[in-house]
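Please look at the sequence and the structure together, and keep both in view while reading.

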Amino acid sequence: MGTDSKVSESDLRKLAIQNRRLAKRFWAGRLSAANLDELIHLTRTLGLSVSTGEILYIDGNWYVTHAGLLRIALRQRCLGIRTALQERQCDSAVNRWVFRATVYKSRASRGFVGYGDADPSNVSPLVRGAEMRVAETRAVNRALRKAYGIGLCSVEELRWPSNAPSPSENHTRPNKPCASNGSNNGRPRLRDQLCLLIRKYELDPTLVKRYAADFCGTETLRDASRDLVEAFISTLAEEAAKDRAALICKLNSYNQLAEVKS
């Protein structure tokens with residue numbers, strides 16, 4: 001898919017340089033030269049940003065996020081998205097949900113359709129109980145990828161391995177590395193890293209959580225993937241060190257948004 005005409009070549013070059021720099025920081029030692037070349041290509045063709053969590057690197061592959069797909073749709077002036085629950089395929093008793101999403105690129109568009117399903121067997125333990133929302137998001141993502149010719153799979157479409165240990169199993173097996181927000185190789189847990197930043201720069205914890213949820217494209221921070229949380233913490237640290245006053249202004253804007261919504 002080509003980039004929107006409003007995104008200049010100069011802006012794309014700057015974004016490519018920024019993405020390369022942040023990727024090396026976030027996924028240090030895990031990226032090959034080919035991985036970085038692919039990131040540059042994706043940046044120039046899709047205009048996705050690493051800093052805002054629109055593209056992620058997981059297990060050797062690049063994935064677009066829901067936030068990235070919505071950004072692409074916005075740039076391309078998508079007319080609208082319609083979702084519908086497929087009741088015949090759903091079973092509320094076991095939390096199995098199926099959605100159909102249709103993306104309309106223009107008034108003349110007949111619509112691009114995508115389906116998404118979710119149940120406790122194919123979602124992360126972190127979002128158990130929110131299978132309906134996951135199913136709708138997956139449907140929207142698939143429809144958007146069809147509409148705009150995006151070959152990258154989205155993060156939200158990834159199936160949680162059926163044999164993956166649950167949080168309680170991780171707790172009872174301390175000799176195995178924790179796949180969630182745990183400590184690896186002696187490093188502090190992500191939650192502890194975030195708390196340290198909040199204390200160091202005297203930030204409002206509630207506003208930081210709202211910023212984090214917006215950054216990660218999830219309703220709450222606990223719904224976000226580990227890579228997204230790592231990206232947010234790195235971005236927050238960089239913004240706080242560079243210009244704390246500007247960061248405070250940004251955080252206060254989330255307080256204003258909350259007041260408007262209420």
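The side chains of Asp 119 and Arg 96 are joined by a polar contact of 3.4 Å, where a polar contact is a pair of N or O atoms within 3.5 Å, of which, within protein, one must be able to donate a hydrogen and the other to accept it, residues adjacent in sequence counting only if both atoms are side-chain atoms. The model is a predicted one, in which local features need pLDDT of at least 70 and side-chain atom pairs count only at pLDDT 80 or more, while totals for chains, interfaces and linings use all residues. Residues are numbered from 1 along each chain as its sequence is written, and side-chain values use heavy atoms, with hydrogens and water left out.

A second polar contact, of 2.4 Å, links the side chain of Asp 119 to that of Ser 121. Asp 119 itself sits in the loop between strand 5 (112–118) and helix 4, helices (H or I, at least four residues) and strands (E, at least two) being DSSP runs numbered from the N terminus. With 12% relative accessibility Asp 119 counts as buried, a word that means under 20% relative accessible area, whereas exposed means over 50% and partly exposed lies in between (1.4 Å probe, protein chains only). Apart from residues up to four places away in sequence, Asp 119 touches Asn 95, Arg 96 and Glu 131, contact meaning heavy atoms within 4.5 Å.

Seen as a whole, the chain has nine helices and five strands, and from the N terminus on its elements run α-α-β-β-α-β-β-β-α-α-α-α-α-α. Of its 262 residues, 40% count as buried. Among contacts between residues at least 6 apart in sequence, 58% join residues at least 24 apart.

Helix 1 (residues 9–26) and helix 2 (residues 33–46) pack at an angle of about 145 degrees with their axes 9 Å apart, where axes are lines fitted to C-alpha atoms, for helices over the stretch in contact, and angles run from 0 to 180 degrees between N-to-C directions. Helix 1 contributes Leu 12, Arg 13, Leu 15, Ala 16, Asn 19, Arg 20, Ala 23 and Lys 24 to the contact, and helix 2 contributes Leu 36, Leu 39, Ile 40, Thr 43 and Arg 44.

Further along, Asp 59 lies in the loop between strand 1 (55–58) and strand 2. Its phi is near 50 degrees, a positive value in a residue other than glycine, and with a relative accessible area of 72% Asp 59 is exposed.

What is the setting of Thr 65, and is it buried or exposed? Thr 65 is found in the loop between strand 2 (61–64) and helix 3 (66–75), and its relative accessible area of 2% makes it buried. Its side chain reaches the backbone oxygen of Gly 53 at 2.7 Å. Leaving aside neighbours within four places in sequence, Thr 65 is in contact with Gly 53, Glu 54, Ile 55, Leu 56, Val 155 and Glu 156.

Helix 3 has as its buried residues His 66, Gly 68, Leu 69, Ile 72, Ala 73 and Arg 75, and what covers them includes helix 2, strand 2 and helix 4 (131–147). Arg 77 counts as exposed, at 56% relative accessibility.

Val 103 belongs to strand 4 (residues 97–104) and counts as buried at 0% relative accessibility. Although Val 103 and Leu 144 are 41 residues apart along the chain, their C-alpha atoms are separated by 6.3 Å. Not counting residues up to four places away in sequence, Val 103 touches Cys 78, Gly 80, Ile 81, Ser 109, Gly 111, Phe 112, Ala 143, Leu 144, Ala 147 and Tyr 148.

Finally, the cysteines can be considered. A search of the whole structure finds zero disulfides, a disulfide being a pair of cysteine sulfur atoms within 2.5 Å. Cys 153 counts as partly exposed, at 27% relative accessibility, whereas Cys 216 counts as buried, at 4%.
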